[in-house]
Amino acid sequence: MWGIPVFINFSEPPNEIDLEVVLKHVNESRPKLIYIGNPNNPTGHLIPKKEIENFIQEVKKSVVVVDEALIDALPKETSCIDLIESYPNLIVTRSFSKFYGLARMRIGYIVAHKEVVKHVSKTVSPFEVSSLSIELAKAVLRDEEFQRNARKRNEECTRIIKKESPLPVSNTSTAVALLYGNEIVPNLHQTLLSCGILTVDGKSFRGLEKVNCVRITLHNKESLKVLIQTLKEIIEKGEKK
């Protein structure tokens, strides 16, 4: 049986998920399943675990899926996985595509109560995950040095973009962020593209169609420095006109 999705758009900056607004919609539409990205993509904003727990307590008749595809760069205590034992209506999804860089391997996993896993297993694709994907996943999970370095890099990049960006930036905690051109840099995506810098146009995201913004990734300090310097030059040229 197919469901009818209900989308909640947070189209006003800072474009963060507001769980009070979500709860209002839940009370009106009574959905069977609620899907929340945490950290949120494309803003990178992290909803504190306690807020999510309070939300779950309010919607006990719905299944809450918390997508943690971007959370591996953050401390373990930020994850909702340890709430599973207390809330059987909670499902946490994780991915190896972002932090671990295994996007082409098409591998991830869910954490949920045993009964939930039994129901989910009845609807999964008949195509098994490849043995190569499984071995690669095991390898990156064992590589503690890689994880430490990646988390350190994430901290440095988020600090740099928040401190040095000449344009407003979303309150990111992880490897993605929204950069707002506003009236300072009209058509920010195309302007950066003309300078040889590829970003994701904000128009690609539901609710951001009319917002002059781009999503950037924060994996590399050198690339980030180039982006910041380019933005400063663009703004300086605009001010001289």
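In this predicted model, four strands make up an open sheet with mixed pairing, arranged in the order 1-2-3-4. Strand 1 and strand 4 (108-111) are the edge strands, and each has a single partner strand, so one side of each has no neighbour in the sheet. From one strand to the next, the twist averages 20°.

**Pairing within the sheet**

Strand 2 and strand 3 run parallel and are joined by four bridges. Within this pair, Val-64 has Leu-90 of strand 3 as its bridge partner. Strand 3 and strand 4 run antiparallel and are also joined by four bridges. Here Arg-94 stands opposite Tyr-109 of strand 4.

Strand 3 is mostly covered, with six of its six residues buried. The cover extends to both faces of strand 3: Leu-90, Val-92 and Arg-94 are buried on one side, and Ile-91, Thr-93 and Ser-95 are buried on the other.

**Helix 2 against the sheet**

Helix 2 lies across strand 1, strand 2 and strand 3, and its direction is at about 160° to strand 2. Which residues of helix 2 are buried? They are Lys-49, Ile-52, Glu-53, Phe-55 and Ile-56. These residues lie on the same side of helix 2 because they cover an arc of only 160° around the axis. The cover over the buried residues of helix 2 includes helix 1, strand 1, strand 2 and strand 3. On the face of helix 2 turned away from its buried side are the exposed residues Lys-50 and Glu-58.

**Nonpolar cores**

The largest nonpolar core has 21 residues, and those touching the most other members are Ile-34, Ile-36, Phe-55, Val-64 and Leu-90. At least two residues of this core come from each of helix 1 (19-29), strand 1 (33-37), helix 2 (49-58), strand 2 (63-67) and strand 3 (90-95). Helix 1 contributes the most, with four residues. In soluble globular proteins, nonpolar side chains tend to be buried together.

Phe-55 is one of the buried residues of helix 2, and Val-64 is the bridge partner of Leu-90 in strand 3. Ile-36 can be followed through its contacts. Setting aside neighbours within four places in sequence, Ile-36 is in contact with Ile-17, Leu-19, Ile-47, Phe-55, Val-64, Val-65, Val-66 and Asp-67.

Strand 7 (residues 213-217) is mostly covered, as four of its five residues are buried. Strand 5 (residues 176-180) pairs with strand 7 in the antiparallel sense over five bridges. In this pairing, Leu-178 stands opposite Arg-215 of strand 7. Strand 6 (residues 200-201) also pairs with strand 7 in the antiparallel sense, over two bridges. Arg-215 of strand 7 is the bridge partner of Val-200.

**Cysteines**

How many disulfides does a search of the whole structure find? The search finds zero. A disulfide is a covalent bond between the sulfur atoms of two cysteines.

| Cysteine | Relative accessible area | State | Closest cysteine sulfur |
|---|---|---|---|
| Cys-195 | 40% | partly exposed | Cys-213, 18 Å |
| Cys-213 | 1% | buried | Cys-195, 18 Å |

**Ser-29**

Ser-29 belongs to helix 1. Is Ser-29 buried or partly exposed? Ser-29 counts as partly exposed because its relative accessibility is 38%, and the buried class is limited to values under 20%. Ser-29 and Met-105 are 76 residues apart along the chain, and 37 Å separates their C-alpha atoms.

Note on methods. Residues are numbered from 1 along each chain as its sequence is written. This is a predicted model: local features need pLDDT of at least 70, side-chain atom pairs count only at pLDDT 80 or more; totals for chains, interfaces and linings use all residues. Side-chain values use heavy atoms; hydrogens and water are left out. A nonpolar core is a set of buried Ala, Val, Leu, Ile, Met, Phe, Trp, Tyr and Cys residues joined through side-chain atoms within 4.5 Å. Buried means under 20% relative accessible area, exposed over 50%, partly exposed in between (1.4 Å probe, protein chains only). Contact means heavy atoms within 4.5 Å. The arc is that of the directions from the helix axis to the C-beta atoms. Two strands pair if DSSP finds at least two bridges between them. Axes are lines fitted to C-alpha atoms, for helices over the stretch in contact, and angles run from 0 to 180 degrees between N-to-C directions. A disulfide is a pair of cysteine sulfur atoms within 2.5 Å.
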